[in-house]
Amino acid sequence: MKKITSTAVGSLIAIAASVSAAQADKLTLYCSAQEDWCQLMARSFEDATGIDVNMTRKSSGETFAQIRAESSNPKGDVWWGGTGDPHLQAAEEGLTMEYMSPMRDQLHDWAISQAESAGNRTIGIYSGALGYGYNADLLAANNLPEPACWKDLLKPEYKGHVQMANPNSSGTAYTTLASMVQIFGEDEGFEFMKGLHSNINQYTKSGSAPIKAAGRGENTIGIVFMHDAVKQAVSGFPIKVVAPCEGTGYEIGSMSIIEGARNEEEAKKFYDWALSPEAQNLALQVNAFQVPSNKSAETSDSAPDMSQIKLIDYDFKKYGSSDERKRLLQKWDEEVSTLPQ
Amino acid sequence: MTDRTSKTTHQVLIFWIIAGWVGFFLLPWYMVDGGLWSFEWLFDGYPFDEDYAPAAFLIAQGEKLWLAPLLIALTLPLLVLKRAKSDPLYARVLILSGALGFGWLIAQGFGIGIRGFNFNWLEAYFGELGDRQFGMGYGAMICASSLLFLLTQGIAARGAINGDVFVVSAIGGVITIVTVFVFFPIAKMLFAAFVTEDGAYSIAVFFSKFFDARLWGLGCFFGARCGAAWNSLFLAILVGFVTTVLGLCFALVVTRSGFRYKRVLRALTVLPIITPPFVIGLALILLFGLSGSVTRFVAELFGMQPTRWLYGMPGIFIAQALAFTPIAFLVLIGVVEGVSPSMEEAAQTLRASRWQTFRTVSLPLMRPGLANAFLLGFIESMADFGNPLVLGGNFDVLSTEIFFAIVGAQYDQGRAAVLAMVLLFFTLSAFYAQRVWLGKKSYTTVTGKGDAGVHPLMPTGLSVPVLVIALGWAVFTIIVYAMIIYGSVVELWGVNNSLTLKHYVTAFSVRFEEEGIRWTGAAWDSFWTTITIAAIAAPLTAAVGLVTAYLLTRQNFAGKNAFEFGTMLSFAIPGTVIGVSYILAFNVPPIEITGTGVILVVSFIFRNMPVGVRAGIASMSQLDRSLDESSLTLGANSWQTFRRIILPLLRPAILAALVYSFVRAMTAISAVIFLVSAEYDMATSYIIGRVENNDYGLAIAYSTTLIFVMLAAVGLLQILVGRVQIGRRTQSTTETPS
C-alpha cells in the first residue's frame with residue numbers, strides 16, 4: 001500500500017512539475033477538419049509563433065454544440081475548419097466574435113462574402129464542392145452502370161448501394177439536402193430525397209463516412225464532398241469521383257474566434273496566420289484537396305478543378321440560418337426518414 | 001482514560017479548524033485558470049488579484065461580501081476547544097457552525113453564479129447584484145470539507161454511533177460525495193428534460209420529446225424502422241440471455257467436465273475485459289463486412305451476392321455477445337463453484353440420476369448467479385456505445401441516440417435527457433426485477449462446516465452440447481483476436497495486404513534529441529493522459545469503495561438501506577447518462593470542472609465504485625467480527641482498527657478494485673466521449689476519432705498496444721499489492737486432478 005501511495009504521489013508531482021514548467025502563451029483550438037491536418041496546423045503554428053496550442057478535433061456539429069454549451073463560460077479560443085453552416089449559425093447566435101483580419105485583401109471573393117454574410121464573425125478558409133464517389137471494383141462486381149448525375153442515383157438498380165450521412169448529425173448531409181432544394185426547387189428536391197431514401201443502405205452519423213465505407217468496400221456509392229472522395233482515391237482505394245451533371249452545391253470551410261475567448265490576442269494571431277499562403281499550403285502535405293481561400297496559396301493537381309464543375313449559386317445566408325435549417329430538417333425527418341425502405 | 005480520548009478527539013477538531021482557516025485565509029477561493037495542478041497563481045498577483053485571492057482577502061477588499069458569514073462558522077468552534085467532549089455545548093456549537101457554514105456555502109454557490117443571481121426571485125428580492133463568481137477552487141473545497149467534518153464531529157459528540165468520530169465522518173463524507181457526484185447530476189439532467197428552448201420549464205416539452213416516433217415507433221413491423229427504445233430493450237434482453245447461457249456453458253466446462261485445456265479457456269475469458277470497446281466491432285467488419293474475408297470467401301464458394309447483413313442488429317448482437325460473455329462467466333464461475341458438492345452428493349445418494357441432480361439441485365442453486373449474469377449483460381448492452389457506433393447501420397439504439405442528440409446538428413439537450421431517462425428506467429427496472437425474482441429464498445450452501453467433496457460431472461446429454469458451444473465460442477474469439485493483431489500490421493486493409501509496422505510507428509514513434517526524448521507519435525498525448533488518469537482514479541476508487549463497504553458491513557446506522565442503494569445506484573446508470581448529466585451539472589459554478597482532468601477522474605471513481613464496494617463487502621463478510629472486537633477491546637479506536645486489522649486482510653479486495661477500476665478507466669468510452677477536452681484526450685476517444693477517419697490500421701494498432709499495456713499493468717498491480725493467503729484455508733481448487 002505504501003508503495004502505491006508513494007508512486008501516486010510521485011506521479012502527481014511529476015504532472016504538477018510538467019504543467020507548471022510550460023507557462024508560455026497558449027491557445028485552445030477547436031478543429032473540425034481531418035485529424036492530421038489539425039495536428040499539422042497546431043504544430044506549425046507553435047513552431048511559427050512559440051504559442052502553445054491545445055487542439056481538440058471534433059466534427060463541426062459537435063464543436064458547435066460544445067461552443068454553445070460553454071457559451072456562458074467559453075473554454076475555446078479559435079474554431080478552425082469544418083463546413084461553414086455551423087459557423088454561420090454560431091455567428092447568428094453571437095457565439096463568435098467580430099474580427100477584421102489584415103489578411104482579408106489576399107482572399108478569394110467567396111471567402112469574403114462568407115465573412116460579410118455573417119457580420120464578419122467568420123471567414124472562409126477553403127472551399128469544396130459536393131458530389132459523390134463510387135467504388136469502381138464493387139460497381140463492376142455488381143454489373144452496375146457508372147452514374148454521372150444526381151438523378152442517376154434514383155435508379156432502382158442502385159437499391160442498397162448508396163450511402164449518405166444523416167442530415168441531423170452531419171453538416172455535409174445538410175448541405176446535400178439544401179443543395180437539392182436549391183437545384184430542383186423545394187418540392188421536387190424533397191421528391192428526390194424520398195427517391196434516394198429507398199436506395200440508401202445506411203444514413204451514417206458522420207459526413208465523410210459513406211466514402212470511407214466505399215473505400216473499404218463496405219458500400220458502393222457515397223454522397224460526400226468531392227475532396228473527401230479524392231482523398232480516398234489518393235490513399236489507394238479504388239474510388240472514382242463524380243461531379244454531378246445537374247450542378248452542385250458547395251461548402252466554405254470557415255474559421256471563427258469564439259466570443260469571450262480567454263486568449264483573444266493569441267486567437268487573432270492564429271486567425272491571421274491561418275489566412276496566410278504558408279499556412280494554407282500545409283493542406284497539401286496531408287492530402288486535403290479543398291481549394292484554399294488565399295489567392296496565392298498552391299492548389300493540388302488532384303483537387304477537383306472548381307472551374308470545371310457546375311456550381312449553383314448557393315444561398316449561404318438563407319440555408320445557413322437556424323430557422324430554415326430547423327424547418328428543412330424537420331420536414332426531412334417527417335416526410336423522408338420515416339418512409340419504408 | 002477519559003482524559004486521553006478527549007484529547008485525541010480535540011486534535012482532530014483542531015486539525016479541521018486549521019484546515020478551514022487555511023482554506024479561507026491562504027488558498028485561492030475560486031478555481032484557478034489552468035487546472036488543479038498549475039501553480040501559476042503563486043507568482044501572478046496572489047494574494048490580491050481577484051482571480052487568485054483567498055476569501056479573506058476578497059472580503060477585506062470589499063468584494064464577494066456574501067462569503068463573510070462563513071467566517072462566523074469557522075470561528076465559533078474555537079469557543080469550545082477547552083470544553084470536554086461530553087459537554088452538550090461542545091456538540092451543539094459544532095453542529096450549529098458546521099451545518100450553518102456548510103449550508104451557507106452551498107446556498108451561495110448555487111444562488112450566485114456567473115451572471116449574478118441565478119434565480120429570478122433572488123434578484124426580485126435583493127435587486128441586481130452587479131457581481132458574479134466562478135467555480136469553487138482549493139480554498140472553497142477545503143473550507144467545505146472542514147465545515148462538513150466539524151458537523152460530523154458535533155454529531156458524533158452527541159453520541160451517534162457510540163460517539164465514533166471516524167465512522168460518523170466517513171458516513172458524512174461518503175453521503176456528501178455521492179450526493180454531489182451521483183444524485184446532483186442525475187437530478188440536473190431530469191430537470192433538463194423539461195426545459196423549453198427559451199429556458200422556461202414545461203411538462204408539454206417533456207411529453208412531446210417522450211412520445212416521439214423515433215423513440216417508440218413500431219415501424220419495423222411494417223418495413224420501416226422501430227424506435228430506439230424498443231431496439232435497445234430487445235437487444236439488451238437478447239444479449240443478457242445469450243451471454244448468460246454462454247457464460248454458464250463456460251463455467252460448467254471449467255468446473256464440471258473432464259476437459260483438458262481449462263486454463264486456456266479461462267485465459268481467453270480475460271481478453272475481452274481488457275479490450276477497448278468497438279475493437280471487436282472493427283474485427284467483425286474485417287471478417288464479415290461486405291468486403292470482409294469470410295464474406296468474400298463464402299460468396300465465392302457458393303456464388304452468392306455478398307450483403308451488408310452485419311450492419312445493424314446482427315452485428316451489434318455478435319459483438320456484444322463476444323464482449324460480455326466473459327463478464328457473465330466471471331459472475332457464474334463463483335456461483336457454480338460455490339454450490340456445495342455435499343448437496344449434490346446427497347441427491348445422488350438418494351438415487352437421483354446425474355441429470356435429475358443437475359436440474360433439481362445444482363441449477364436452482366445457481367439462480368442468484370444467473371440473475372446477476374443476466375442483469376450485467378442487460379445493463380452492459382444497454383450502455384454499450386462503441387459497438388453500435390461502428391456496426392449500428394440503421395439500427396438506432398438509445399446510447400448512440402443520446403450521443404447524437406447532444407452532438408448532432410440539432411443539438412437538443414432536452415431530447416438527450418429524455419432518452420437518458422428512458423435508458424435509466426430500463427436499467428433500474430432490470431435491477432428491481434432481479435431482486436424480485438431472487439426473492440427472499442436462501443441460496444446459502446457454504447456453511448462453514450467441512451464440505452470436502454468434488455462436484456459431480458455434468459450429465460452426458462448436457463456436457464456434449466455445452467462443450468461444443470464453449471469450444472465454438474473459444475475458437476471464434478481466437479479468430480477475432482488474431483484478426484485484430486493482423487489488422488494492425490497490414491498496410492491498407494482489403495486493398496494492400498502487405499505487412500508493415502507503420503501504424504505502430506505513426507502512433508508511438510519517439511525521437512532522441514539533445515534535450516531528451518521527444519514523443520513524436522500521434523498517440524502519445526492521449527496515451528499518457530489515459531495512463532495518468534487511470535492511475536490516479538484507481539486508488540481513489542478502491543479507497544472510496546472499501547470505506548463504503550466497511551460502513552455497510554461493520555456499522556449499523558439509521559438509513560443504511562438508502563445509503564447502500566445510493567452507493568450502488570451509479571452501477572445501474574449507463575455511462576452515456578453519466579456523461580450527459582456531468583456535462584449539464586459541472587459546466588457551471590459552483591462546481592465547474594468540465595474540460596479538466598478532474599472530471600474524468602471523478603466520473604471513473606463513481607462509475608467503478610460499486611465494484612469496489614461489492615468486492616469489499618464480499619471479503620469483509622468473511623472476516624469474523626471478533627477480530628474487530630478484540631482490537632477495540634484492546635483500546636484501539638475504529639480508525640486504527642480499520643487501518644491495522646481490516647485493511648491488511650483486505651488485500652484481495654483491494655487488488656480486485658484496483659485492477660477493475662484501472663482497466664475500466666482505460667477502456668471506458670461511453671461517459672468519456674462527452675468529457676474529454678483539448679488538454680485531456682483519452683485513448684478511447686482518440687481511437688474512435690481514427691475509426692471515423694477510416695484509419696483502421698492506426699486504431700487497431702493503438703488498441704492492441706492498450707491490451708498489452710493493461711496486461712502489464714494488471715501484472716504489476718499484483719506484484720505491488722502482493723498475493724497473500726488469508727486465513728489457514730487454502731482456496732479449494734477444482735482444477736486438482738479428480
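**Chains A and B: a working chat**

Trainee: In chain A, what share of the contacts with a separation of 6 or more comes from residues 24 or more positions apart?
Mentor: Such pairs account for 77% of those contacts in chain A, a contact being two C-beta atoms, placed from the backbone, within 7 Å. Keep in mind that this is a predicted model: local features need pLDDT of at least 70, side-chain atom pairs count only at pLDDT 80 or more, and totals for chains, interfaces and linings use all residues. Residues are numbered from 1 along each chain as its sequence is written, while chains are lettered from A and ligands numbered from 1 in the order in which they are written.

Trainee: And what is the figure for chain B?
Mentor: In chain B, residues 24 or more positions apart make up 75% of the contacts with a separation of 6 or more.

Trainee: How many helices and strands does chain A have?
Mentor: Chain A has 14 helices and 11 strands, counted as DSSP runs from the N terminus (H or I, at least four residues, for helices; E, at least two, for strands). Its C-alpha atoms fill a box of roughly 65 × 55 × 40 Å along the principal axes.

Trainee: How much of chain A is buried?
Mentor: Of its 341 residues, 52% count as buried (20 or more other C-beta atoms within 10 Å; 12 or fewer is exposed, in between partly exposed).

Trainee: Which residues of α3(A) are buried?
Mentor: They are S60(A), G61(A), E62(A), T63(A), F64(A), A65(A), Q66(A) and I67(A). That is eight of the 10 residues in this helix, which spans residues 60–69, so α3(A) is mostly covered.

Trainee: Over to chain B. How many helices and strands there?
Mentor: Chain B comes to 32 helices and six strands. Its radius of gyration is 28 Å, close to the 27 Å from the globule rule for 738 residues, so chain B is as compact as a globular protein of that length. The C-alpha box is roughly 85 × 65 × 65 Å, and 47% of the residues in chain B count as buried.

Trainee: At what angle do α6(B) and α7(B) cross?
Mentor: Helix α6(B), residues 138–157, and helix α7(B), residues 165–192, cross at roughly 135°, and their axes come within 9 Å. The two are therefore oblique to each other.

Trainee: Which residues make the contact?
Mentor: From α6(B), L148(B), F149(B), L151(B), T152(B), Q153(B), I155(B) and A156(B); from α7(B), V165(B), V168(B), S169(B), G172(B) and T176(B).

Trainee: What about α23(B) and α26(B), how do they pack?
Mentor: α23(B), residues 524–554, packs against α26(B), residues 597–620, at an angle of about 40°, with the axes 6 Å apart. That makes this pair oblique as well.

Trainee: Why does I707(B) count as partly exposed?
Mentor: Because I707(B) has 19 C-beta neighbours inside 10 Å.

Trainee: And which residues is I707(B) in contact with?
Mentor: Leaving aside neighbours within four places in sequence, I707(B) contacts I274(B) and T275(B). I707(B) and T275(B) are 432 residues apart in sequence, yet their C-alpha atoms are 5.8 Å apart in space.

Notes. Axes fitted to C-alpha atoms, helices over the stretch in contact; angles between N-to-C directions. Parallel < 35°, antiparallel > 145°, perpendicular 65-115°, else oblique. Rg over C-alpha atoms; globule rule 2.2 N^0.38 Å.
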